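Here is a guided walk through one protein chain, written for someone who likes to have the model open while reading. Please keep the viewer at hand and click along.

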Amino acid sequence: MRKNSIKNIRINSEVQKELSRIIRDEVKDPRIHPMTSITSVEVAPDLKTCKAYVSVLGDAEAVENTVAGLRSAEGYIRSCLARTVNLRNTPQIRFISDQSIEYGVAMTRKIDEVTGGSRGEETDDAD
């Protein structure tokens, strides 16, 4: 199975949905921030390993605590994943912090500041 095959893409999306549900509903670790989302999942073609990219809406300490909590609950999460997703092998999960959403929000703010400043000048000229 190739890395970008249709089967691998379907497995990635199914594992992502189930990981999100498991973290939201079943994991009770207080270190895990409530605004945690799985941005993407990459399951290896041999189904042995999985990289789960985690985004947390919060400060750097919340991100560190959430990733530490997810790593400590990896065995439980993996067993829940094995029960819900029917795969030949249940992959070992590696949780990796993903800053893409935070970066996107910061860039949107900067764009709004720049365009908001130029819009204010245009409305003053029109009046």
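Tyr-53 sits in strand S2. Its C-alpha is 8.4 Å from that of Arg-94, although 41 residues separate Tyr-53 and Arg-94 in sequence.

A word on the ground rules: this is a predicted model, in which local features need pLDDT of at least 70 and side-chain atom pairs count only at pLDDT 80 or more, while totals for chains, interfaces and linings use all residues. Residues are numbered from 1 along each chain as its sequence is written, and side-chain values use heavy atoms, with hydrogens and water left out.

**The overall fold**

The chain has four helices and three strands, in the order α-β-β-α-α-β-α along the sequence. These elements are DSSP runs numbered from the N terminus (helices: H or I, at least four residues; strands: E, at least two). Among contacts between residues at least 6 apart in sequence, 62% join residues at least 24 apart. Of the 127 residues, 31% count as buried, where buried means under 20% relative accessible area, exposed over 50% and partly exposed in between (1.4 Å probe, protein chains only).

Here are some of the buried residues:

| Residue | Relative accessible area |
|---|---|
| Asn-12 | 15% |
| Leu-47 | 4% |
| Cys-50 | 2% |
| Tyr-53 | 18% |
| Cys-80 | 1% |

Leu-47 deserves a click: this residue lies in the loop between S1 and S2 and has a positive phi of about 65° although it is not a glycine. As for cysteines, the structure holds zero disulfides, a disulfide being a pair of cysteine sulfur atoms within 2.5 Å.

**The core**

The largest nonpolar core has 26 residues, and those with the most contacts inside it are Val-15, Leu-19, Val-41, Ile-77 and Phe-95. H1, S1, S2 (49–56), H2 (60–72), H3 (74–84) and S3 (92–97) each supply at least two residues of this core, with the largest share, five residues, coming from H1. Such a core is a set of buried Ala, Val, Leu, Ile, Met, Phe, Trp, Tyr and Cys residues joined through side-chain atoms within 4.5 Å.

Val-15 touches Val-41, Val-43, Cys-50, Leu-81 and Leu-87, again not counting residues up to four places away in sequence. Asn-12, placed in helix H1, touches Val-41, Glu-42 and Val-43 under that sequence limit of up to four places.

**The largest pocket**

The largest pocket has a volume of about 150 Å³. A pocket is an open set of points on a 1 Å grid over the protein atoms alone, where a 1.4 Å probe fits, with protein on both sides within 12 Å along at least five of seven lines; lining residues have an atom within 4 Å of a point. Its volume is the space filled by probe spheres set on the points, which are joined across faces, edges and corners.

Helix H1 (6–25) and strand S1 (36–43) each supply at least two lining residues, and H1 gives the most, with four. The lining includes Leu-19, Ile-23, Arg-24, Asp-29, His-33 and Ile-38.

Key: Contact means heavy atoms within 4.5 Å.
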